[in-house]
Amino acid sequence: MSNSHNEQHPQGQSTTDGISIDAKRLNEIFYQQKKAYQRHPYPNLNQRLQRLENLKKILYKYQDDFAQAISQDYGNRSIDETKIGEVLTAIENCNYYIKNLDDLMKVSKRSVATIHQPAKAWVEYQPLGVVGIIAPWNYPLFLSLSPLICTLAAGNHAIIKLSSLSKNFAKVLSKALSEAFPDDVVSVVFGETLNDHFTHLPFDKIIFTGSGDVGKKVMRAVAENLTPVLLELGGKSPTIVHEDMPLEDAAQRIAIGKLWNAGQTCVAPDYLFLPRGKTQDFIQAYKAQVQQLYPSIADNPDYTSIVSEKHYQRLQDYLTDAKAQGAEVIDLYPEQNQALLKEKHTISPTLVRHVSPDMLLMKEEIFGPILPIMEYDDIDDVIMFINARPHPLALYYFDFDNKDVAEYIRRNTHSGHFGWNQVLTHVAQEDLPFGGVGASGMGKYHGEEGFYSLSHARSVMSYSKFYALKYIAPPFSRKIHEIVYKTLLRKS
């Protein structure tokens, strides 16, 4: 999801924040959950629904506390943005499974070959056991509770590990979940020394959201226990605007998606392709839309800060590198107090033109309110550019009229999601699977795919008293075998 999602910290560092735990306590929680699951390995529909209802209750009860805590962790983040983007979407996730869980839990009947008649075959969806959820800092509520909701719907227990940048949120979430669940069903852990230890525990599955580099470390760690993983890793999501697309409409939708959470979103538009000659018009349209959304920046409670000094400086380094290589950096709020912006770790919405693939902006996932622009003459050149790079988590295309072009792009590219005239909103569409492909991740959650991903598809086969296979057992010289062979030859 970005090199900014999950930071690694040196082992042995002590904390006195009142919420951090050590490896010993983590072990205790993990094995308590293992034992609890073994005592009750297949919760029924009503029990699962009750867990989801319990989670909904704390989302309603603690929504203000969640939003305030996340804002404190950021320095500033809109209370409304958190309630809409995280609390509301998590509640909708719960509602989806409450409505559909009965159907999802039903066994799937399968056909039986003639030679096995009159047997019966089906697939049942069995809970995995104890699931580890490693959540990032950028959407700490949604990206911890959305995987949790799938996990609970599938009948599992879970331990959530939060980022070290989510200290205030960790306190609130731990308190809230302790009201809804005993520790041996759901627990929250927080501590800078837990990163390696967490991934070395023999979970039945681990869900990790973060950068590709850390995702590789997670895979190496879980390999010791052959723990399956679901990785949501992000990447540089391209955005393409067709020459027939009204620029005002494209600018509005792109601006909303790019600047939500100040661009610190794994599926934010990362760079933009415009038809040659339309950049200046787009800049004007984008600026107009942005200034409607955010009349000011430094003192605007609706505009999110960059989460830390480290990430603020990373973005500044990207801009410095782009300028050094000949790019034009366009600050849409040049009159703002730059010293105040720096103090608050705030970066103005920024466009960058005349970019090249060698710039850091075009190599690394940006994770900020900076949008590089490139121009194109032929859509095939855009497709070649995208396909020459790691598969992104999302690919966005803007074009109201040319369905054949959209179809052409969709069929000739790979991405976790293809968005046509929209950005970001697919993540909140619970009945769509969410996840990446290739370098942007593996596995899916949300919707029915989330339920199946967090379940074991266990095959079951049952024979009646009549056992047909005895007639084709050895010795292989009986008349029945001649009939079988002739049947096979005739079918081939």
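Mentor: Helices (H or I, at least four residues) and strands (E, at least two) are DSSP runs, numbered from the N terminus. This is a predicted model, in which local features need pLDDT of at least 70 and side-chain atom pairs pLDDT 80 or more, while totals for chains, interfaces and linings use all residues. Residues are numbered from 1 along each chain as its sequence is written, and side-chain values use heavy atoms, without hydrogens and water.

Trainee: How much space lies in the largest pocket?

Mentor: Rolling a probe the size of a water molecule over the atoms shows where empty space is left. Here the largest pocket holds about 630 Å³. A pocket is an open set of points on a 1 Å grid over the protein atoms alone, where a 1.4 Å probe fits, with protein on both sides within 12 Å along at least five of seven lines; lining residues have an atom within 4 Å of a point. Volume is the space filled by probe spheres set on points joined across faces, edges and corners.

Trainee: Which residues are the closest to the centre of the largest pocket?

Mentor: G212, G235, K236, P390 and A439, out of 31 lining residues. Two or more residues each come from α8 (212–222), α13 (360–363), α14 (379–387) and β15 (441–442); α8 gives the most, five. The lining has 13 nonpolar, eleven polar and seven charged residues.

Trainee: What is the volume of the second largest pocket?

Mentor: About 450 Å³. Its lining has 21 residues, with G85, W260, L424, T425 and A428 nearest the centre. α4, α5 (142–153) and α9 (247–259) each supply at least two. By class, this lining has 14 nonpolar, six polar and one charged. Ala, Val, Leu, Ile, Met, Phe, Trp, Tyr, Cys and Pro count as nonpolar, Asp, Glu, Lys and Arg as charged, and the others, Gly among them, as polar.
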